[in-house]
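These are my notes from a reading of one structure.

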Amino acid sequence: MSDKEKSQFSHIDGELLDKICNPYDVSRFSLEEMTQLAGELRCRIIETVSKNGGHLAPNLGTVELTLALLHCFDPAHDRIVWDVGHQAYSYKILTGRRERFHTLRKFDGVSGFPRRSESSYDHFGVGHSSTSISAALGMAVARDLAGGDNNVVAVIGDGSMTAGQAYEGLNQAGGMGRKMVVVLNDNEMSISKNVGALSSFLSRKLSNPSLTRFKKETESLLKQIPLIGGDLARYARRSEESFKSFFTPGMLFEAFRFTYLGPIDGHNLEDLTDVFEQVKQLDTPVLVHVLTKKGKGYEPAETNPTYFHGVGSFIPETGRAQKIKDRNLPSYTEVFGEALCRFAQKDKSIVAITAAMPEGTGTDCFRETYPERFVDVGICEQHAVTFAAGVASQGFKPAVAIYSTFLQRSYDQVVHDVCLQNLNVKFFLDRGGLVGEDGATHHGVFDLAFLRHIPHMALMAPKDEAELVRMMRTAFEHEGPAAVRYPRGVGVGAEVDYDAEPIELGKAELLRDGSDVCILALGSRVYPALEGAEELETEGVSAAVLNTRFVKPLPKQDILDLVSRHRFVLTVEEGCLPGGFGSAVVEFLSDEGMLDGRKVHRLGIKDEFVEHGAQGELRARVGIDKAGVKRAVLELLGRPQSK
Ligand SMILES: Cc1ncc(C[n+]2csc(CCOP(=O)(O)OP(=O)(O)O)c2C)c(N)n1
């Protein structure tokens, strides 16, 4: 470790922090004490995230903002609504969860996101972005109906302001004119650099030289208007200040009938508390524009906010990642990114589309290699899908790389814009299944169920990273919409052939034959099923395992061939049971009159939300790991289970 690295983090005792008994204590602290508290909070967050992983950079940026909110507002009476909620660690620590904060993101521990079930101070549950203004407005309307007098504050980042829903909320809020506050936490970053026209508008790019040029151009344009142009130009010239404020972010929000205050230094506690005290007096919608630095106070995170946005365990002194045992295996995301670049080299019609997640989806390498065919649309999943449909309608092959959980946003666009027109859009759904520590808001367990019934859609899930590449090729060669869903994490170490042949649509793969039971497994559950079957052999059970590969078109012939030889059938998937892969199999067997005299059991995620925790731990708890497969087979066969 070099001297420079050593200086990057040093422990600070929680001298003030550990004395806090309830959130009201913050309102009694002086500015000086709050400044000390900010340092202690940062230290607590860095130490905990370095062990448990989590959203570091966003949380370091909101320490002063949180202190100022708790100083000025009453978190029991007022309503504070965090957008995405990945920046609420300080809030959690200060609102009763300090002592449990070391359990952050662990099973049964503090969640990484606000949750109503976790604390009465978490006023609205969240994990997906851009919901805060809508929810806060709902709370404001409910307050007025109930004759209440509480404040409602939504805190939203500039990245989250790229989503349409934020403007739907602003539009209604401005129209209704209810008392509410929107705090725009502007750090010029989404996970990566923020994108779109609005981001440069917000990010005070109107520097003096460009402002002057803009002013001159506008004046000369105004002068060209017959009769009144000269007057307009004179009005516009009247004051430099009014001109400036007219053409700054305030203009946008004032068009939505919000009172605009800002921009304000989001790390200056005095300014923040001053402005929050003022907004409490206003009875209109107010937008407070706060400028913060992502990763503030921790050099490695300030320097590389994208990496430290959401990070695994690391060494606090250096910021370097802790060594993880599977690190030598490539992740599904990496294999996907590499394959997409290779395919795009030969096929010039491939266009990569991401909704603000180039790194998360592995399309960052595509961005570097084929910038003209790469599009980051911002946090706009609905738009991403319709945009892709537009691209496809002109003969290109858009690849929408997206987390399964975020495609939930785009259901109608998938149905109405893509599938109804049978357009050639390819969906690559990363984080399909249980994602682990991010928990219920992020598990990608509904995709198979919400995609499989849409006409024209082809839907598949690979058993390993080599099959992922083959399925990508299958999807690209298929005429029409297709989706490939794969899990979070590393592959199994299968040798990847980037030139491998596609797979015939609707063709399964029999991996193991057997006589007592047949297991129809899908995607990430194929190897656990196979390993379970091998172990069952030693217990005298002969189990066949089919890598079913496709949910749609279902490999009907392969299923018929196998099931017709078995009385006992088990399906295994890492997705929700209602409407999922197992349901598809049962429907098919029923239609074929194959259920009589057979026992079919489905393994998957029951009709419930799964909590946060390590991915392996969660898979074991819901019973879809190797042990769960073995248990289910023995139960199905009515065999006694060894304890
Ligand atoms: C609907 C949805 N899409 C994508 C994400 C993934 N995501 C989490 S945070 C984030 C960036 C948010 O940027 P911003 O609101 O500016 O907050 P910052 O992290 O910069 O503080 C993204 C894209 C999400 N949570 N929800």
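This is a predicted model: local features need pLDDT of at least 70, side-chain atom pairs count only at pLDDT 80 or more; totals for chains, interfaces and linings use all residues.

Entry 1. I looked up helix α5, residues 63-72, and helix α6, residues 89-97. Their axes lie 8 Å apart and form an angle of about 40°. For the hand of the crossing of α5 and α6, I wrote down right-handed.

Entry 2. Which residues meet between α5 and α6? From α5 I listed Val63, Thr66 and Leu70, and these meet Ser90, Tyr91 and Leu94 of α6. Sorted by class, this contact has four nonpolar and two polar residues, and no charged ones.

Entry 3. I then turned to the domain assignment of the protein chain. It gives domain 1 as 3-204 + 248-303, domain 2 as 332-485 and domain 3 as 509-637.

Entry 4. I looked up the pair formed by domain 2 and domain 3, whose centres, taken over C-alpha atoms, are separated by 26 Å. Domain 2 gives 24 residues to the contact, and domain 3 gives 30 residues. On the side of domain 2 that touches domain 3, the elements giving two or more residues are α22 (447-451) and β10 (458-460). I noted the classes on that side of domain 2 as 13 nonpolar, five polar and six charged residues.

Conventions: Residues are numbered from 1 along each chain as its sequence is written. Axes are lines fitted to C-alpha atoms, for helices over the stretch in contact, and angles run from 0 to 180 degrees between N-to-C directions. Helices (H or I, at least four residues) and strands (E, at least two) are DSSP runs, numbered from the N terminus. A crossing is left-handed if the near helix is turned anticlockwise from the far one by less than a right angle, and right-handed if clockwise. Two residues are in contact if their C-beta atoms, placed from the backbone, lie within 7 Å. Ala, Val, Leu, Ile, Met, Phe, Trp, Tyr, Cys and Pro count as nonpolar, Asp, Glu, Lys and Arg as charged, and the others, Gly among them, as polar. Domain bounds come from an automatic or database domain assignment.
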